[in-house]
Amino acid sequence: MNGQKLPHWDLSPIYRGVECDDFLGDLEKISSLSKALEEKASSSSLYELLVLADEIAALVSNTSSYASACLSTDTSNPDYLLANSRAEEASMAYSSAMQLLISGIAERKDEFSDPRLEQYSLLLSEFLVQSSHQMSRKEEDLALELLRTSANQWERLQEAVTSSVSDGKETLIELRGLASSPERDVRRNAFERELYLLKEHETALAYSLNGVKGTTLALEKRRGWKSPLERSLFSSRITDRTLDALIEALESSLPMFRRYFAVKAKLLGLERLEWYDIAAPVGRSSKKYSFKDAEDIIISSYSKFSPEMGSFAKNAFENGWIDAEPRKGKVGGAYDTAFRKSKVSRVLCNYDYSYDSVATLAHELGHAYHDHVVRDLPVLLSDYPMTLAETASIFGETVVFTEVLKTLDEEEKLPVIEQFVSSAAQVCVDILSRFYFEKDLFEKRRSGELSAAQLCSMMIDAQNRTYSDAVGKKHPYMWAVKSHYYSEAFSFYNYPYAFGQLFALGLFKRAGGSSSFSSSYKSLLLKTGMQDAVFVAGLAGMDIEDPMFWKEGISIIASYAEELENWL
């Protein structure tokens, strides 16, 4: 657009290359320090061990994030594949050493009173729980090795297939990007071609999903977890009551969202939405946003809430933190990744000049700001759970949304408000369907492997439970294109998005548009790796075990959904 070349990120300040001494040296350091951690496990104080573990964790973050970042922009590059393998092997040495430390944690409870360990109190209590869910040392080491050579490979296969397959004209990622085309024929054609491609590769993707979920079930059974969901809640630092309250609120919101889908259909001149209409732009505005527009909007909006946030975003744009150009071999979607040793982040997106791309970039830079806030904490205390990980991203996105609205005329407001509600519908309605699907998937996978046809049928059932008949033709292959299903490390990588959306909206409501809230907001983010979600929410006076809190966030979405009816 306007001849502007979309940026590629600059990783050189982190490492000079995957074959260079700085990267390989840090990998060797991880292995040697991990060995030292094991050797000192019974002789050094617990505080000294945690300090050493923190040093290793920073190196693991740097090397793993670097190798993954390289691979995500060129998924078939053999050097990047090897670098990821090396990073995983080094990380495995650290994980093995940490397992040894955790396995003996109960015998060192008398050291918990050490004043130097006060800030580690939650982490140490979690170590006690983890120690009760450990297999023998040999079994845990074998599990780590097999994960590196099996489950992680299934995950990588899904990533490689979905990022590179093409029908000869467009890649799967490019076809999925056409879901937001203003032309319905283009959307329909792209959707049909997407389904054709996924049908063509369904066997490989089904084997991948079966492999990941089968591994998860086997390991968690051996470790004594009641279910993958129990482990997920523990990792998320939330209670059963919190999840139940969230799901109850999401289910109660479905009539509102179905009404929104009906309104959107009318705005598009349709009787009913089909799946390929869900992301369609609404309104007559043909406004496009150059990458420079996105830069100016985000820096300005962030600055109005917090000058520090604005300065942070400015630095990210000016110093090569962002990889925005879509290209073959690059993974789809968007993400932020932190390099804890280097104390910087990088953001990947696939910019398409829409407002949605601006919002996505604001979202990911929100994540990066969160990383920035906790950058000087010990790494072990800056590792916040998935639930709280979405706080800063949704908050940043909402800051930009409200500021953009102030600059638009009525005709231009329609597509932006609709995009906000559409995004919220994805996070509430679609995420709920994915949660239903994954619960069903784990239950059925216990009895054996599932065919692609069965997975498609289960996906449609889950979508029918949430979208009902407000959307006609559904997407049977959402299980194939959503990479979160393929993570052994974190099951149910879905509800944290709904948690983050509504939690951040609750925070934003309390901020009331006041910049004076920025210091309280920063203090809250600082605690996200040190306290559980109930405690962090309590800092802002929020009770996340009460469905009414989540409904407050939904009410903000509902107000904008109702506003859309003014354009009918």
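This is a predicted model: local features need pLDDT of at least 70, side-chain atom pairs count only at pLDDT 80 or more; totals for chains, interfaces and linings use all residues.
**Strands 2 and 3**
- Strand 2 pairs with strand 3 (residues 344–348) in the antiparallel sense, over 5 bridges.
- Across this pairing, Asp 336 stands opposite Val 347 of strand 3.
- The two strands form a hairpin with 4 residues between them. There, Lys 343 takes a positive phi near 60 degrees.
- In a regular strand, side chains alternate between the two faces of the sheet.

**Positive phi in two loops**
- Most residues other than glycine have a negative phi.
- Arg 237 is not a glycine, yet it has a positive phi of about 60 degrees. Arg 237 sits in the loop between helix 9 (228–236) and helix 10.
- Arg 237 has a relative accessible area of 11%. Buried means under 20%, so Arg 237 is buried.
- Phe 492 also has a positive phi, near 60 degrees, and is a residue other than glycine. Phe 492 is found in the loop between helix 18 (478–481) and helix 19 (495–511).
- Phe 492 counts as buried because its relative accessibility is 3%.

**A negative patch**
- Asp 240, Asp 244, Glu 248 and Glu 251 gather on the surface in a patch of negative charge.
- Glu 248 lies in helix 10 (residues 240–267).
- Glu 248 counts as partly exposed, because its relative accessibility is 41%.

Conventions:
Residues are numbered from 1 along each chain as its sequence is written. Side-chain values use heavy atoms; hydrogens and water are left out. Patches are made of residues with over 30% relative accessible area and no salt bridge: like charges are joined within 9 Å, nonpolar side chains (Val, Leu, Ile, Met, Phe, Trp, Tyr) within 5 Å. Accessible areas come from the Shrake-Rupley method with a 1.4 Å probe; for residues, only the protein chains shown count as cover. A salt bridge is a side-chain nitrogen of Lys or Arg within 4 Å of a carboxyl oxygen of Asp or Glu. Lys and Arg count as positive and Asp and Glu as negative; His and the chain ends are not counted. The place of a charge is taken as NZ of Lys, CZ of Arg, CG of Asp or CD of Glu. Buried means under 20% relative accessible area, exposed over 50%, partly exposed in between (1.4 Å probe, protein chains only). Two strands pair if DSSP finds at least two bridges between them.
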